[in-house]
Amino acid sequence: MSATTTPTTFSDLKADLQNRVRVQTGVTATENQAARYINIALQDMHIGLDYRVPWAENRGVVTTNQKYTTGTVAITQGTAALVGTSTAWATANAFSINNVRTSGKIIIAGDPTIYKITTVTDDTNIVLANSYVGSTVTEASYTYFEDEYTLDADFLRVVDIDFFDEKRRIRLMDRQKGRQWFPFDATTREPEAAWIFDDDFASSTARVKKIRFWLPPDTFYSIPYWFITDKLVVSAAGAAQVSLSADADEPIVPLRYRHVLVFHALYHWYRDKKNDTRSQEAKAEYVDLMLRISNDFDIGERRARFEPTVGPYKTRAQRPYRRGAGGRFDVGGRFDRVLDRGRW
């Protein structure tokens, strides 16, 4: 690390922390502790600020699948094995998406019961998540559709808490409210609402983030959206990752803010390793810097603020005695009213 520049890489940040606490660098145990505190600081810096950190915003696209009704199906009551005739369930369409996929939904012979698919064996064999409760059928019609889609692997949360898509057509709902208001529905058309939920684990300790649309898409839609990423680090080769590991790794935090990580790590070092009251001084410095960062903004950025409707008030204050104008200060309570002018 240069002695005259601000910390840039993971190595710089670790060295700066160790220099501040006056310990010898190059000692493995000390290096590991410094690395841990810096990584904790990087994650903590983004807690509660996920909507104010433009450097963590990413753009993703959800491509929906079309409903599929080709061929007929046969299934025996009490079983979960669905057999198709003239079907192409495991065949990819023009968008390289299989016509039928795991976690998709299907209704059989017009029965309103919706079944979830757990396995697509091949073009003519499917396994349902639950046993079929209807009467045995041999050449029945069916409708396959999808209302759940996996979000980007680094998805943490959305940027816009009201709408999921860029065009602001798909209202974003709370998970509980979404399940209450919009239960499973086999009516397919362009989605109007959605909610995000955690699906089962996928061969790792991280849950898979998914979105459920209401109504289920009836055809192919390309739905772009903005989200906050959980990949807060970039390697020297330009690969995004969650934590700092190699010395040349850099946090995605802008360079002018990176020294804040050292103050947070310094707070933990003084508190946990030295039981030193200087931990509170380091914490106060960290909090002050974070407040300044949260109040920093780019040109063109808008922030929420109260905007009283002063036009009617000024008109009536200037002409208090005009016939029919009403009282001088009474404007129907509209002067200090906060109105939500969004649409639903």
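**Overview.** I started with the bookkeeping: helices (H or I, at least four residues) and strands (E, at least two) are DSSP runs, numbered from the N terminus. With that, I get 6 helices and 17 strands in the protein chain. This is a predicted model, where local features need pLDDT of at least 70 and side-chain atom pairs count only at pLDDT 80 or more, while totals for chains, interfaces and linings use all residues. Residues are numbered from 1 along each chain as its sequence is written, and side-chain values use heavy atoms, with hydrogens and water left out.

**Confidence.** I checked pLDDT, the predictor's confidence in each residue, from 0 to 100. The chain has a mean of 87, and 83% of its residues reach 70 or more. Residues 325-330 stay under 50, and the model has 11 contacts (heavy atoms within 4.5 Å) for them beyond four places in sequence.

**Burial.** I used these cut-offs: buried is under 20% relative accessible area, exposed is over 50%, and partly exposed is in between (1.4 Å probe, protein chains only). Of the 344 residues in the protein chain, 38% count as buried. Helix α1 (residues 10-20) is mostly covered, with 8 of its 11 residues buried. Phe 10, Leu 13 and Leu 17 are among them. What lies over the buried residues of α1? The cover includes α2, β17 (250-251) and α4. After α1 comes Arg 22, with a positive phi near 60°.

**α2 against α4.** I looked at how α2 (residues 28-45) and α4 (residues 259-274) meet. Their axes come within 8 Å and cross at roughly 125°. Axes here are lines fitted to C-alpha atoms, for helices over the stretch in contact, and angles run from 0 to 180 degrees between N-to-C directions. Angles under 35 degrees count as roughly parallel, over 145 as roughly antiparallel, 65 to 115 as roughly perpendicular and the rest as oblique. So α2 and α4 are oblique to each other. Residues that meet include Tyr 37 and Leu 42 in α2, and Ala 265 and Trp 269 in α4.

**α4 against α5.** Next I followed α4 to helix α5 (residues 278-294). The two pack at about 155°, with axes 8 Å apart. They are therefore roughly antiparallel. Among the residues in this contact are Phe 263 and Tyr 267 of α4, and Tyr 286 and Leu 289 of α5.

**Leu 232.** I found Leu 232 in the loop between β14 (222-229) and β15 (233-234). Is Leu 232 buried or exposed? Leu 232 is buried, at 4% relative accessible area. Gln 43 is 189 residues away in sequence but 8.0 Å away in space, C-alpha to C-alpha. Beyond its neighbours within four places in sequence, Leu 232 touches residues including Leu 42, Gln 43 and Pro 251.

Trp 214 and Leu 215 are joined by a cis peptide bond, with omega about 0°. Leu 215 is in the loop between β13 (207-214) and β14. Ser 86 isn't a glycine, yet has a positive phi of about 60°. I noted a positive phi of about 60° for Ser 96 too, also not a glycine. Ser 86 is in the loop between β3 (81-85) and β4 (105-108), and Ser 96 is in the loop between β3 and β4. Ser 86 is exposed at 58%, and Ser 96 is exposed at 65%.
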